[in-house]
Amino acid sequence: MNLAAATRLPAAPAPRASSERVSDIALMLSLATLAALHLANAYFRVINWDEFWFYSQVETLARGDYLQPLQTIHTRAFYWWLPGLGGTEVEHIVIARFFMAACLAVAAFATYLAARALVERPAAILAIAAYLGSGFVLNHGTSFRIDPIAAATLSSALALALRVRLTPVAIAALGILIALSAMVTIKFVLWAPAFAGVALYRWEQERFERTYPLRWFAAGAVAAAVFAVLYALHSVPAPEAQRAMDPANYASGSASKMFGLLHSPYLYMMRHAAIFGLPLAVAAIAAPYLIVTGVGSRTRRLALLLLWTPALTPLFYHNSAPYFYVFILPPVVVASSLGFEWVAKRYGAATVAALIGLFSLLVWVGGERSVKHRQQELLLAVHQAVPEPVAYFDCCGMIGSFRKANGFMTPWGLESYQRSGRAKYRAAMEKQPVPLLLDNEQYFRPIFEGGAPARLHPDDRAALTQTYRPFWGDLYIAGRELPSGYDGEWDVLVPGPYTVSGRVSVAGKEYREGAIVDLLRGPVALSNPSSKPASLTWGRALEAPTSPPPSDYWGGF
């Protein structure tokens, strides 16, 4: 035995191997930090309009009410268990957000797999870290919306098409993922250029084999068939009055509104997306140059440019609000991974990972102050005052366990209401009792305060002002104020029990303080024979909360 060999010290690790270990640690720390930030946002971040609306759809399905089949398939994952949990709508949405966090994780991993078909592992991880740390994705990636779900299904389909040969099994899987994406949201079509790029990229790799396009046609046929089955299974029978909203009408109406060059009210958000997602924005801006000047055939370059083109959708897609970037960015991230590969080779993956993590942490720390606790206070008070579910009006379905009687009051929804020229609020009140109005966007307040009228049909303004009275903060309740000596007629649009305050004569019969009188729909003679004000308030001695009502309970984007 060679004594020198036996006593020789182990060779020092190669500098490159040591550098790779440092890079791996930095990359994993970056991803772990971003995961923690997303989970924190899932729990603490203020709940937005859309999240209340999507949760109200879950409650709608749980009640067995009619639900527009398109863009509501997500309700199937929640309706059978989430509404039955204790707590308020706020608490239920927070629970659902952790499901969205899982969807975001799937989207990120699938995007990583797709990027690995183009670049080395460190660059692919950096691209995913930049996506997860981009300001809009960081703020809305776990929001209870359809965007994280669609990002998960479409990213999975993209990774499958980019990395797997389209065998019959893969074709079926691709078709199912696309069909599910179409059920989740009709804006899945915005990914079409990315899928065209992947198809072109893979076709070149298969040496332009003649039958390859037929595999994509087969996947499309599978998607159409699965979509039809899912739509049929998910559809809830529509009442006669709502059958006019068929899928074709709904989709065509959305398309006519949603597309137009430079007409989005959120167009300015592109600048904010770039500022608060600077690492990804730099890579995305550099990607076209790197693609065009890089190695490879013209076909490959065109394919990669198509993969990148969803970055331009905010220029022509109307509803490109900040949460939209969660949905649209994954294919852009795949194309932008070329930029991260370029910078990682020059400055080291560890350095880039540290910068992405630090930038994301600064964006998160500088985010808006959460007012979710105020939303919780409001809903706790509503459920305390009105313990049994009733129909109500509001902006966004905030009281999901109650039946919302008006549409979603987005700018698009208000425009549709005004364009219809119909008194929809009065019609809703004639269809069913609607005893509550929650003015959570201060849209109705002007008509109650005698100021500038809200943009409502005159019959709706009259019906609302004659039916509702202030109850607690932004909560209004059906009732009638009767000043001293009042003698007149009231058109009752909300039938049911009313509690008397003071002395009130109803149809010639006198009732005193605390009495309960049942009113039928239609005109009724009322009078106040006393010298003091009196009133009728819907419900059986409902008590307003003693705590002061919260205000400023919405956050920004």
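## Asp-439 and its surroundings

Leaving aside neighbours within four places in sequence, Asp-439 is in contact with Phe-444, Arg-445, Asp-474, Tyr-476 and Tyr-553, where contact means heavy atoms within 4.5 Å. This is a predicted model, in which local features need a pLDDT of at least 70 and side-chain atom pairs count only at pLDDT 80 or more, whereas totals for chains, interfaces and linings use all residues. Residues are numbered from 1 along each chain as its sequence is written, and side-chain values use heavy atoms, with hydrogens and water left out.

Asp-439 lies in the loop between strand E3 (436-438) and helix H20 (445-449); helices (H or I, at least four residues) and strands (E, at least two) are DSSP runs numbered from the N terminus.

## The open sheet

An open sheet is formed by 4 strands in the order E6-E11-E8-E9, with antiparallel pairing; two strands pair if DSSP finds at least two bridges between them. Its edge strands, each of which pairs on one side only, are E6 (487-492) and E9 (509-511). From one strand to the next the twist averages 35 degrees, with axes taken as lines fitted to C-alpha atoms (for helices over the stretch in contact) and angles running from 0 to 180 degrees between N-to-C directions. Strands of a sheet pair through backbone hydrogen bonds, either parallel or antiparallel.

Strand E6 is joined to strand E11 (residues 522-527) by 6 bridges, and these two strands run antiparallel. Within this pairing, Gly-488 has Leu-526 of E11 as its bridge partner, and Asp-491 stands opposite Pro-523 in E11. E8 and E11 pair over 2 bridges, again in the antiparallel sense, and here the partner of Ser-505 in E11 is Ser-527.

## Two positive phi angles

Most residues other than glycine have a negative phi, and most peptide bonds are trans. Two residues with a positive phi can be set side by side here. Gln-71, although it is not a glycine, has a positive phi of about 65 degrees; it lies in the loop between helix H3 (49-63) and helix H4 (89-116) and is buried, with a relative accessible area of 17%.

Ala-507, also a residue other than glycine, has a positive phi near 55 degrees and lies in the loop between strand E8 (504-506) and E9. Is Ala-507 buried or exposed? Ala-507 is exposed, since its relative accessible area is 61%.

Ser-535 lies in strand E12 (residues 534-538) and counts as buried because its relative accessible area is 6%. Not counting residues up to four places away in sequence, Ser-535 touches Arg-469, Arg-480, Glu-481, Leu-482, Thr-499, Val-500, Ser-501 and Val-504.

Ser-320 is placed in the loop between helix H14 (298-308) and helix H15 (324-347), and with a relative accessible area of 0% it is likewise buried. Not counting residues up to four places away in sequence, Ser-320 touches Ser-264, Tyr-266, Pro-314 and Tyr-325. Ser-320 and Glu-89 are 231 residues apart in sequence, and from C-alpha to C-alpha they are 26 Å apart in space.

## The chain as a whole

The secondary structure of the protein chain comes to 21 helices and 12 strands, and along its principal axes the C-alpha trace spans about 115 × 60 × 45 Å. Of its 557 residues, 51% count as buried. Among the contacts with a separation of 6 or more, 76% are accounted for by residues 24 or more positions apart.

The mean pLDDT of the chain is 91, and 92% of the residues reach 70 or more; pLDDT is the predictor's confidence in each residue, from 0 to 100. Over residues 1-13 the pLDDT is below 50, and beyond near neighbours in sequence this stretch has 2 contacts in the model. Residues 240-245 also have a pLDDT below 50, and that stretch has 6 contacts beyond near neighbours in sequence.

Note on methods:
Buried < 20%, exposed > 50% of the residue type's maximum accessible area, 1.4 Å probe, protein only.
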